[in-house]
Amino acid sequence: MRNQLNRRSFLKMAGMVTGASALALAGCAPAATPNTSAPAVAATSAPPAQQAGAPVPALLRSDAGEKDYFEKAISLFESRNPTIKVTRVYSPGQEPYTTKLDLMIAGGDPPAIYAPFSARGYRYYASKGLSQPLDDFINRDKVDMSDFFEDALKGCKYKGQYMALPLDAWPHLVIFNRDLFKKAGLPDLTTDWTDKTWDTNAYAELAKKLTDPATQTLGSRIYSSGWPAGWVFGTDWFTPDVYETGIVKTWIGDKTPQTIAAVQWVADMVLKDKTATTPAQEKSLAAANQNPFTTGKVAMYVGNIGDLSTLQQITDFDWGLAALPFPPGASLPRHWHVWIDFWSMIKGVKNLEGAWQLLKFMVSADAQKIYPIEYGPQSSLKSLANYWVEVQKKLMPKKTDQEFQTMIDAPKNEQIDLENWTINFSPIQTQAMQPMLDTVWLGEKTAEQAIKDVTPKMNQLIKDTTAGLS
Amino acid sequence: MTATTTSHADYHPTEAERPIWYKRKSVRKRISLWSNTIIILLGALILMVPLAWMLSTSLKANGEVFHLPISWIPRKILFQNYPDAITYVPFPTYYRNSLFIASLSVIGAVLSSSLVAFAFARLRGPGKNILFIILLSTLMLPSEVTLVPIYLIMRNLGWLDSYRPLIVPYWFGGAFYIFLLRQFFMTIPSELDDAAKIDGATFWDIYWRIMLPLSKPALATVAIFAFYDSWNDFRSPLIYLNSDNLLTLPVGLSSYMSTLGNTHWNYLMAATLLTLIPPLLIFFFTQRFFIQGAILTGLKG
Amino acid sequence: MSGTEITATRITGRQRPSKLLRKEYLAFYLFASPWLLGLLFFTLGPTIASFVLSFSEYPLIVAPTWIGLANYANMITDELIVQALKVTFLYSLGAVPLGLTAAFLIAILMNQGIHGIRVFRTVYYLPAIISGVPVALVWMWVLNPDFGVLNSALRTIGIQGPAWLFNREWVIPAFIMMSLWNVGAPMVIFLAGLQGIPQHLYEAAEIDGATTIERFFYVTIPMMSPVILFNLVLGVIGSFQIFTPAYIMTSGGPANASLFYGLYLYDNAFRFLKMGYASALAWLMFMIILILTLLIFRLTGRWVYYEGSIQS
C-alpha cells in the first residue's frame, strides 16, 4: 500500500516534471530565422526593423596574433564612422568558429560580418537563406569590383547575387631548400609561371636526384595528401559548375583518366620512388600545418604563403620560392587552389546600413593594408600587390625581386578551392574522399582501384547531400 | 635469533614469535619499500617524457622546435619565452578569470554534491533507485546533443556573455562527483549514524558532523576533479562568452595556435606549463587529507 | 526531528508509514534538491529535446523539421556506425582493463610506502591535468615514425616501430597507450579509497596469520570494491565518449581506422550540421552504455561490499 502510494505520487511528479520541461522547451525553441527554407532569391521580403544606432556585432578570429590586426582595422573604421559602434566577438578559428557562428544564429543574434576561414563557407548559409544579398549596396555605393580577383568574385555569387566579398589571398608556391639543391648541383627552380619546361615530370625527376637515404633526406613532401592530389595533372573530381553554384553535383573522378593518373603519380613518389614523405611522417607534424620542410631534410614541397612566417624563422639553411609545375608536358593549364576568405553578412542584423559600411570597409584597400597584408597573406585586391611586396621585403630582405614577382603572380594562376566555396563538399570529403585517398597512400589499393571502388559511395553521398538543394 | 627475552619463564608463545617475525618483517619491509620505489620511479620517468619535451620546447626558439636531429637541450635556452608568451595574449587576464571561475565552481561542487550524495547513501526515499539510475544516465548521453538546447536556455535566461552558465551548473551537483561521494559515504559504517541518532542528532548533524569530517580524502578528490574540470573546460567558455576580457585559459591557449602554419609552439608550451600550476597546487595542498588511517576513530571492534 | 522515535521503529521492526519515515523521505528530497533542481532546469528539458530532435532534421541554423524515424532508418544502413562502434569497443576493451589495473597497482604500491610519495603522487597525477590540445600535439611528435621519441627508443633495442598514427593496425593501440598516460586520475581515486580502509582490519588480519596476498584479497579488495566499481563504470563510460585526441590527431583516419563514435557524432553534429542524426547517434550510444552499466552493476552486485549500506 505504501509502495503503491509512493509509486503513484512519483509518477505524478514525473509527469508534472516532464510537462513543465516540455513547456519550458517550447518556450525555448530555436527562434526561427526569417525565410528559413525559402531559397534566397531577390529580397522581396521587407528587411527587419532597422535600428540605426544598434551596435554591429563582428565575429572575428583570434588565432596567433590576428586579433591585433582586426582590432587595428576596426578601430580605424570606428574613427571614421563615429556613429557606428562595433561589438567584437572573438573566437578561435576552424570548428570552434563555425560552432560559435551557428549558435549565434540559432540564438537569434547573428553577427553582422563574419569570415569562417574554414571548411564551411558562406554558401552553406546562403543555401539556407541566411545570407544577406549585397548587390543593392554594391550598386548604390559604386564599389569598384574590377580590382578583385575575377575567380574569387565568381565564387562570391550565389544564384546570381553577391553575398560575400573576398578578403585575402593565400596562394600556393613551390618552396625549396636552396642549400640542398646546391649540394646536389642543381640550379634554382624557376620563378616564371609561364615556363612550360617546368612540369610534374621534371618535379619527380628532381625529387629522385635530391633524395639521399644516407642523410635521410627526401626530395619532396607528399605533393598533397588530400583532394588536391586529383588536380595535379590539370583535371578535377567534379564538373566545373561546382565552383559557380557551390553544389557538388556530378562525380567524374572515375571517368577522368588524368585525375586517376595524378593520384597514382602522387602515390608513386611516396611508395615506389620513395622520394616523398609518407602521410605517417606528415601526420605527426601536420597539426596546424607545421611542415617537415623546416627540419631541413626535405628538399622541396608545395607550400602556401601562410608558411612564410614559419620559414622566416629558419636559420639553418637558405630557402627559395618558385612557380608550381605544369601538368605533364604542359598539356593542360594548371589546376591548383588559392585559399581565399571572404567577409559575409547574415540576414537579420539590426543595423543593416552599419553592417554594410563595416563590410565595405573591411574589403577596401585601407583595411586590407592592415588585415591581411600587415599580418602576412596577400590581399584580394590586385592593386595592393606591390604594397604587399613592400611590407614583405622588410621581413625577407634577402629575397629577390623575381621571387616576389612569383609570389604575386601566383593567385592569377590558381583558382578557388572546393572546400570553403561549396555547400556539401565537407561530408563528402570526410566520409568518402579522404578515406579513399588514405587507402592509396597506405599502399592498399591502386589509385584506379580506389577511385572505382568509392564511386558508388560518392554518388550516394552526392545524392543525399544535394537533396533539397536546387 | 636476536631475541630480547632470555628467561624461559618470560617466554610467552606469541611473544616468542615476535623477534623473528619482526626482523623478517623489517627486512622485508625495507626491500619492498625500495622495490616499490624503483618501479614507481621507472613509471614516472616514462610518464615524464612528453612533459620533458614540452619543457624543452618552451625554452627553444620557434624555428628550432621541429629541427632534426631532435635536441632535448635547446641550442640557446630562452627563458625569455615565458615573459614573451604571457604578453603575446592577455594571459594574466585569462588566468585571473579561470581562477575565479574554478574557485567558485569547486566550492559549489563540493557543497552541493556532498549533500546529494548523502541523500543517496544514507537516506531512504521513494523512487531513490530510479533517481540513481537517472543520475548515472546523465553521464551517458554525449553532451554534443544537449549543447544547443542548454545554450538556448542560457540565452533565454539572459546569461550569455557572463560567468553564470559556467559556474551555476556546479552548484547543482555533478553526477560524477555525486556518484563518487556516494560510493565513499557507503563505506562508512552506519552504526555511527545510529549512535548519533540515539544522541539526538538530526540528519543535518550526521551529514555535517560525521560524514563530512570522515570523508576528507573523498571531498579532496572531488575538489581536485572539479577544479580540473572547470579549469580545462574549453567548450563552455567558447560558446557562452563573447567579450574578450572574460575569456578563460583554454580558449586563450588556442590563440597561440594558428590554423595557417605559424603557431608559436614555444609560447604555447610555455603557456601550457604555466596553466598546470593551479591544479597542481590544489592537488598538492589536498595531499594532507590523504593520510593513512586517520579516518575512523572511536569505533570499537 | 528527534532520533529516539526512529530507534523505536527499528526495535519494533514493524513497517508503518510512520511520520518519521515520511520525515526521512522529506530529508531525502531536501538533501537531493540541488541535483533535482538542476535536473529540472538544465538537464531534463535538453535531454528530452535531444530525444525529440533525433526524429528531426536539424541543421542548427534553421528550425528543425520533423522527419519521423528516418534518422534511425538511416542508421541501420550506415556502415560508418558499424566501424565507429568497432573502433570504440576495441579501444574500450583495451584501455579500461589496462588502465584500471595499472592505476590500482600503482595506488597500492604508493600506499605501501615509497620514498618521496608526495612527489610521485604529483608526478603521476600531472599528465591527467594537462588539457587536451597541446598534449595531443606533443604526442603526435612523440609518435612520429622516424624521429619520434618512441620509435627512436625502440630502434636502440633493434625494433622497427610501426607508423603508429597512420597505420591501420597500430592506431588504436597508440590511443590505448596514450590513455595509460592519464593513469593519474583513477589512481587518485584509488588512493583516496585506500586511505579509507581502517588500519585495524589489516592488523586483525595479521594477527590471524594472514599473508600479504591474503590480506590483499580479503581486506583490500572488498573494502575497495565500491571504489573499483566507480572507476570501472566511469572508465567504461569515459572510454566510449573519447573524442578530443582523435579529433586533433587523426581525424578518424587512416581510412576510418580511428573513427571513434564520439568523433563521428561530433562530425555529424557540428561539421555536417546534421544535429538530428547526431542526436539519434547519441541515443544509440546512450542505450549501449546504459545496458553495459546495468550489466556491470548486476554482475558485480554480490562482489561489492558496502560497509555502510542501509536497508532500503
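1. Two residues are in contact if their C-beta atoms, placed from the backbone, lie within 7 Å. On that basis, residues 24 or more positions apart account for 77% of the contacts in chain A with a separation of 6 or more. The model is predicted: local features need pLDDT of at least 70, side-chain atom pairs count only at pLDDT 80 or more, and totals for chains, interfaces and linings use all residues. Residues are numbered from 1 along each chain as its sequence is written, while chains are lettered from A and ligands numbered from 1 in the order in which they are written.

2. Chain A has 18 helices and 11 strands (DSSP runs numbered from the N terminus, helices being H or I with at least four residues and strands E with at least two). Of its 470 residues, 52% count as buried (20 or more other C-beta atoms within 10 Å of the residue's own, these atoms being placed from the backbone).

3. Strand 7 of chain A, residues 172-177, has 6 of its 6 residues buried, so the strand is largely enclosed by the rest of the structure. A:His172, A:Val174 and A:Phe176 point one way, and A:Leu173, A:Ile175 and A:Asn177 the other way.

4. Strand 7 of chain A pairs with two strands (pairing requires at least two DSSP bridges). With strand 9 of chain A (residues 298-304) the pairing is antiparallel over 5 bridges, and A:Leu173 has A:Gly303 as its bridge partner there. With strand 10 of chain A (residues 319-322) the pairing is antiparallel over 4 bridges, and A:Val174 is partnered by A:Ala322.

5. In helix 6 of chain B (residues 164-171), the buried residues are B:Pro165, B:Leu166, B:Ile167, B:Pro169 and B:Tyr170. Their cover includes helices 3, 5, 10 and 11 of chain B, together with helix 2 of chain C. Just after helix 6 of chain B, B:Gly173 takes a positive phi of about 75 degrees.

6. In chain C, the axes of helix 2 (residues 19-53) and helix 14 (residues 275-300) come within 7 Å and cross at roughly 110 degrees (axes are lines fitted to C-alpha atoms over the stretch in contact, with angles from 0 to 180 degrees between N-to-C directions). That makes helix 2 of chain C roughly perpendicular to helix 14 of chain C (65 to 115 degrees). The contact is made by C:Ser50, C:Phe51 and C:Leu53 of helix 2 and by C:Met275, C:Gly276, C:Ser279, C:Ala282 and C:Trp283 of helix 14.

Definitions and conventions. Angles under 35 degrees count as roughly parallel, over 145 as roughly antiparallel, 65 to 115 as roughly perpendicular and the rest as oblique. A residue is buried if 20 or more other C-beta atoms lie within 10 Å of its own, exposed if 12 or fewer, and partly exposed in between; C-beta atoms are placed from the backbone.
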